[in-house]
Amino acid sequence: MHAFANPARFLKLARPLTAWLGWGGGLLVALALLDGLVLAPRDYLQGESVRILYVHVPAAWLGMGGWAALAAASLMQLVWRHPLAAIAARAVAVPGAVFTAICLATGSLWGRPTWGTWWQWDGRMTSMLVLLFLYAGWIALAEAERERSGDGRLAAIFGLVGAVNLPVIHYSVLWWRSLHQGQSIGLTGTTIDPAMLWPLLGSALGFTLLFAAVVLMRMRALLARQKVEARLRRLAA
Amino acid sequence: MKRKNQRLALLLAAAAAVVAAVLLAMSALKDQAAYFYTPGDVARQGVPTGRAVRIGGMVQTGSIRRAADGVTIDFVVGDETPHTIPVRYRGIVPDLFKEKSGVVAEGRFEAGGRFVATEILAKHDENYRPPVLDANTGEHKSRSLK
Amino acid sequence: MSHWPFIAGAYAVTLVATVGLVVASYAAMRRAEREAGTRRDSR
């Protein structure tokens with residue numbers, strides 16, 4: 001892991017990877033969503049509205065995966081003092097928040113025609129909204145810490161503590177009776193028909209690649225800005 | 001190397017403490033955080049009449065009755081226990097509201113034990129599959145991988 | 001109730017947010033790397 005401690009070595013890999021991930025992810029998302037929107041069958045119970053699955057579920061996974069990555073980067077920063085960890089955490093926060101917001105918005109648009117409501121304070125929805133607030137709080141804290149030229153340690157601790165919300169989201173439909181249905185994809189199998197599962201997995205993989213491309217872009221931007229700031233400090237000294 | 005291990009151990013201990021605290025709080029919240037009561041819960045604990053609550057369960061087969069006025073609907077909610085709750089609702093129900101399907105109703109219990117709902121929500125399960133009719137039984141066939 | 005307006009809304013929200021995120025991140029990266037002079041095509 002410390003092979004990438006040197007930003008120059010990281011950038012050498014990140015530059016070509018950004019384009020590959022970005023175009024690959026975009027193409028995969030386009031194909032999978034076309035499949036989900038046109039070719040995939042409607043649901044026996046929910047009818048056409050089931051097509052919202054192909055954007056809602058990948059967004060939910062990425063919103064949660066984003067915080068998992070943020071927590072992992074926080075751990076690397078606190079324990080191993082990896083120089084890129086704080087940069088990675090800051091690069092993940094905004095895309096993670098965006099996908100969490102997409103999850104909540106599409107979920108609301110899915111809930112109205114199926115459950116008959118835009119929003120209910122059930123365990124799953126509330127814990128997902130908490131995740132969005134955690135992202136907002138983390139972004140504000142990291143920004144405030146950076147302005148006081150801190151090393152991001154407070155944000156890293158927040159990132160680790162906030163990770164307890166992830167199992168709460170996951171188990172919210174199992175621990176508490178909720179309006180949201182239980183999980184459809186588990187370790188032992190799935191309750192989703194193959195004709196619907198494939199566009200879902202394709203879309204999830206495509207959005208994940210796009211997410212990775214966005215994280216790399218933001219890391220490169222942060223590294224470049226850091227370089228400019230260091231140069232300005234040298235000039236001022 | 002030593003300091004790294006120290007930091008790691010400290011963090012893991014702190015993380016374990018936080019997780020334990022949250023899990024404890026969650027299990028304590030288990031009953032309060034339940035989004036609705038089932039007929040079994042209501043029979044076991046009893047729910048005071050006149051207080052706004054949510055009940056949920058399955059709409060019993062053949063229990064849906066539409067009144068002559070066209071907007072009042074009566075049905076019975078059951079669960080895996082033998083207990084059931086009769087529900088009355090005036091208004092438009094969601095498309096997914098049907099027999100043998102999940103429902104959550106918000107409202108109050110009347111003195112006679114009937115639940116008068118002010119809002120009806122449909123609850124579906126985690127199965128997603130195309131509408132395929134089984135030629136033999138005329139039932140929707142499950143093609144899930146489970 | 002027709003489901004299509006809801007489906008169109010959900011896909012529109014997703015695409016607008018995703019494209020906006022990618023474009024904004026890309027523009028910020030280009031600008032920052034140009035200022036830092038770390039791109040071969042700048043200067």
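Reply: Let's start with burial: a residue is buried under 20% relative accessible area, exposed over 50% and partly exposed in between, using a 1.4 Å probe and protein chains only. In this predicted model, local features need pLDDT of at least 70, side-chain atom pairs count only at pLDDT 80 or more, and totals for chains, interfaces and linings use all residues. Residues are numbered from 1 along each chain as its sequence is written, chains are lettered from A and ligands numbered from 1 in written order, and side-chain values use heavy atoms, leaving out hydrogens and water.

Me: Is B:F115 buried or exposed?

Reply: B:F115 is buried, with a relative accessible area of 0%. B:F109 is buried too, at 8%.

Me: How do I read an aromatic pair?

Reply: Look at the distance of the centres and the angle of the planes. Rings of Phe, Tyr and Trp (its six-membered ring) pair if their centres lie within 6.5 Å; planes under 30 degrees apart are stacked, over 60 edge-to-face, and the rest tilted. Over all chains there are 12 such pairs.

Me: Why is the pair of A:W118 and C:F6 tilted?

Reply: Their planes lie at 45 degrees, so the pair is tilted, with the centres 5.9 Å apart. This pair crosses between chains A and C. A:W118 is partly exposed at 45%, whereas C:F6 is buried at 12%. By comparison, B:F109 and B:F115 pair edge-to-face, 4.9 Å centre to centre with 70 degrees between the planes.

Me: Which residues form an aromatic cluster?

Reply: A:W67, A:Y135 and A:F158 form one.

Conventions:
Helices (H or I, at least four residues) and strands (E, at least two) are DSSP runs, numbered from the N terminus.
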